Amino acid sequence: MNADTQLYINGQWVDPVEGRTFATIDPSSEALIARVAAATAADVDLAVQAARQAFDEGPWPHLSGSARAAVLRRIAQGIRDRQQALAELEVRDNGKPLPEALWDVGDSAGCFDYYADLAEGLDDRQDQPVALADERFSSVVRKEPVGVAGAIIPWNFPLLMAAWKVAPALAAGCCMVLKPSELTPMTALELARIADAAGLPAGVLNVLPGLGQSAGAALAEHPGIDKLAFTGSVPTGSRIMQAAANDIKNISLELGGKSPFIIFADSDIESAVEWIMFGIFWNQGQVCSATSRVLVQRELYAPLLDRLRQEAEKVRIGNGMEEGVLLGPLVSKGQYDKVLTAIAGGLEEGARLVYGGERPTGFDQGFYLQPTLFADVPLHSAIWREEIFGPVVCVRPFDDEAEALRSANDSRFGLAAAVMSKDLVRAERVARKLRAGIVWINCSQPTFTEAPWGGYKQSGIGRELGEWGLNNYLEIKQITRYDSDQNWGWYLK
Ligand code: NAD
């Protein structure tokens, strides 16, 4: 085997059983970063066994929440100590601009600190009494780790998506097998190194880069997995659900989106431009909650499109390591082709291209695309209805609130939505009527570790982050005691 990396199983760095590898490349130059050791079903089996043993026989699930919190805080510190190096690795593997990668790494550390606090809080919340109507009984509720968890994550926020799953799972006392995306496996391997150095017991976290159809599918199907947490596309989520149905695995799914942003005519135009630009162009638009459908009240429609066009023209495109770059390359050739196909489809279906849609001049290599702005996008068109997952924004006019809400909610997705208006009563009213798990008022995208994250409809099942993220990895147990000295009396009278 000619690999630059290994798998992390049971606290050891090991070669994959079948000796397979895959390439991970730098999307700005298409140059090889590393040949990565690829897990297959045999390695998944070993990792699940290690996690199972750590869960059934090891100390981790039985430690107090505060003891687990100490390890989580050391992981947070380990991430912080290496913030610059991790962010640079993320830029190389994913393509995102360095300031955004630095955000991600800082947020990942913050996520471990946050769940350390929640792990400590668990100690105080154990054995909560439940008031029963029958005084002969007393009952308490315990929260216990769900067992061995599998996590399958996407490539758009490689380290952060790992943190969103690993931190609450460890806080709850679970043991975990993590499979990063084959497009961006590098920082998950670094997370394993950091967790190891933080003193996480062997087998509690196992990290297995590998392909979706082999390592991912094997993890989803493995009978030793009690809980499967997945973030990715709807078709893969559907496959995971089918695999999980075989043995009734507990699943949580964070899937795609096609998030609307309703802008009323009383909005400040500069503020609208700023949040739309950020909402669709940060991370090259490869964001599940990206502001990809913008509905603008007719009076503001033409001036807003003009201002958006002016700002889109100014966006600096380039390698994410260069200062001032706002738009890096898309993550891969496959993603690049998918986005270009969506743009061609939009043109065929009659949307008006206001700006972009092409490879920017001066970029012969790398998966670079201009920020792209479509107007008058037909409601039935695929670019209006389907997730593009690239720097492409679709804009339409609307006349009144009812029409805006109808169009916004007319989607099979329901991850996020946003509304902008100076009339806060109206904004709040609209926010309540939007069918989405995350609704922003007068902004779009800011995400907080403390608040629940997840979608309605085909955007997923369950919520991550906040206390909801911890609950994903907890079972709830009642312990009920018969305190009376009287016979129960079913047959003894
Ligand atoms: P994807 O579904 O192609 O892959 C996600 C992960 O699943 C990868 O690790 C992949 O290897 C694995 N996988 C692929 N096939 C598999 C299979 N048959 N069995 C098991 N695992 C398999 O998605 P992607 O292209 O990596 O990510 C983009 C998608 O993720 C978008 O749809 C985006 O909206 C979604 N996403 C959602 C959120 C959220 O919080 N809701 C966050 C980020 C990304």
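Helix α4 (residues 98-125) packs against helix α5 (residues 158-172) at an angle of about 15°, and their axes are 9 Å apart. That makes α4 roughly parallel to α5, a label for angles under 35 degrees, with over 145 counting as roughly antiparallel, 65 to 115 as roughly perpendicular and the rest as oblique. This is a predicted model, in which local features need pLDDT of at least 70 and side-chain atom pairs count only at pLDDT 80 or more, while totals for chains, interfaces and linings use all residues. Residues are numbered from 1 along each chain as its sequence is written, and side-chain values use heavy atoms, leaving out hydrogens and water.

**Helices α4 and α5**
- The crossing of α4 and α5 is right-handed, meaning that the near helix is turned clockwise from the far one by less than a right angle.
- On the α4 side, the contact (heavy atoms within 4.5 Å) includes D104, D107, F112 and Y115, and on the α5 side the residues include L160, W164 and P168.
- By class, this contact of α4 with α5 has 15 nonpolar, 1 polar and 2 charged residues; Ala, Val, Leu, Ile, Met, Phe, Trp, Tyr, Cys and Pro count as nonpolar, Asp, Glu, Lys and Arg as charged, and the others, Gly among them, as polar.

**Helix α6 and its partners**
- Helix α2 (residues 65-81) and helix α6 (residues 186-197) pack at an angle of about 130°, with axes 9 Å apart.
- The pair α2 and α6 is therefore oblique, and their crossing is right-handed.
- I75, G78 and I79 of α2 meet L191, I194 and A195 of α6, a contact that divides into 5 nonpolar, 1 polar and no charged residues.
- Helix α3 (residues 83-94) also packs with α6, here at about 155° with axes 9 Å apart, and the two are therefore roughly antiparallel.
- L86, L89, E90 and D93 in α3 meet M186, T187, E190 and I194 in α6, giving 4 nonpolar, 1 polar and 3 charged residues.

**Around the ligand**
- A backbone N or O atom of G232 lies 3.3 Å from an oxygen atom of the ligand.
- A polar backbone atom of A217 is 3.4 Å from a nitrogen atom of the ligand.

How values were computed:
Axes are lines fitted to C-alpha atoms, for helices over the stretch in contact, and angles run from 0 to 180 degrees between N-to-C directions. Helices (H or I, at least four residues) and strands (E, at least two) are DSSP runs, numbered from the N terminus. A polar contact is a pair of N or O atoms within 3.5 Å; within protein, one must be able to donate a hydrogen and the other to accept it, and residues adjacent in sequence count only if both atoms are side-chain atoms.
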